[in-house]
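Please examine the protein chain shown below.

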Amino acid sequence: MRFDVITLLPQLVEAVTKVGVTGRAKDRGLIDLHCWNPRDFSNDNHRTVDDRPYGGGPGMVMKADVLLKTIRHAKLQAPEGTKVIYLSPQGKKLDQSSVREMSQSKGLILLCGRYEGIDERVIQLEVDDEWSLGDYVLSGGELGAMVMIDAITRLQPEALGHNESALQDSFTENLLDCEHYTRPEVVESLVVPAVLMSGNHPSIARWRRKQSLGKTWQRRPDLLNATPSTKTTDIKALSNDDKKLLDEYLQDHCSQEQDLPEHKKDI
Ligand SMILES: C[S@@+](CC[C@H](N)C(=O)[O-])C[C@H]1O[C@@H](n2cnc3c(N)ncnc32)[C@H](O)[C@@H]1O
């Protein structure tokens, strides 16, 4: 998959392909990254990319002519039909199902704003979708572009050591991931759950599924289209087997909760 990123800080975005899963994916040719700096498409000697906002007010706005030229140049290099995405606090909040959908495309053009943002007409003329990292304001879209590249790359076939890893991650099937443990067996008197040491793989899979269901129920019932007061039998998103497992989790948890300190209850 090819990523074309329009950014005033290419060195920042390129860092994502220097390390870790994304670095290895780039080295193995699973992803390709091209950064385009709008300054290289500016007409004047100062390589100006911004100007004062019409109507006054603080800050500067990224200019339409320079951005349009940069986007159209990137489009010529990108696979046909590549969407242009503007990283923006005003966009839809990025989630795993959107990431999954985007991971199926051959390419994406990611437009990173800076300053007060970009001239609105760029959005009208060239932007297909706007995505936000969340309800807070960053200084630029670069971190958003890097987040998207990372999340999408993990889902490319062969990008992870074990192809199943991505299937077990949180938000697959709208569930949070179960908890994980590694050696040693005891850490400051906390012991690894016995079932994980049993070697009984069906029991381990069942326990993991139960933990995923329970954690999702406790922390993110919205993922199951439920609230904490919904009866488990009424959760349409779950199969009957999952409902039974969730009931089991709740029974285990309720009896354990009585022994918990106050601040640990109802996490
Ligand atoms: C300082 S922000 C501009 C914010 C803009 N004035 C507003 O309030 O909507 C500069 C750039 O950072 C990026 N940005 C800021 N917050 C973001 C977020 N939550 N998600 C994605 N991109 C964001 C956008 O590309 C934006 O153009």
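The following report treats the chain as a whole, then its cysteines, then one isoleucine.

The model is predicted; local features need pLDDT of at least 70, side-chain atom pairs count only at pLDDT 80 or more, and totals for chains, interfaces and linings use all residues. Residues are numbered from 1 along each chain as its sequence is written, and side-chain values use heavy atoms, with hydrogens and water left out.

**Overall form**

The protein chain contains 9 helices and 9 strands; these are DSSP runs numbered from the N terminus, with helices (H or I) of at least four residues and strands (E) of at least two. Its radius of gyration is 23 Å, well over the 18 Å given by the globule rule for 267 residues, so the chain is more spread out than a compact globule. That radius is taken over C-alpha atoms, and the rule is 2.2 Å times the number of residues to the power 0.38. The C-alpha trace spans about 70 × 45 × 40 Å along its principal axes.

Of contacts (heavy atoms within 4.5 Å) between residues at least 6 apart in sequence, 73% join residues at least 24 apart.

**Surface and charge**

The accessible surface of the chain, from the Shrake-Rupley method with a 1.4 Å probe, comes to about 16100 Å², and 49% of it belongs to carbon and sulfur atoms. Of the 267 residues, 42% count as buried. Buried means under 20% relative accessible area, exposed over 50%, and partly exposed in between (1.4 Å probe, protein chains only).

The mean positions of the 34 positive and 41 negative charges lie 2 Å apart. Lys and Arg count as positive and Asp and Glu as negative, while His and the chain ends are not counted; each charge is placed at NZ of Lys, CZ of Arg, CG of Asp or CD of Glu.

**Cysteines and Ile 123**

The whole structure has 0 disulfides, a disulfide being a pair of cysteine sulfur atoms within 2.5 Å. The sulfur of Cys 35 has its closest cysteine sulfur in Cys 112, 8.1 Å away, which is too far for a bond.

| Residue | Relative accessible area |
|---|---|
| Cys 35 | 19%, buried |
| Cys 112 | 1%, buried |
| Ile 123 | 13%, buried |

Ile 123 lies in helix H5, which covers residues 120–126. Leaving aside residues up to four places away in sequence, Ile 123 touches Tyr 86, Ile 118 and Glu 130. Its C-alpha atom is separated by 9.4 Å from that of Val 84, 39 residues apart along the chain.
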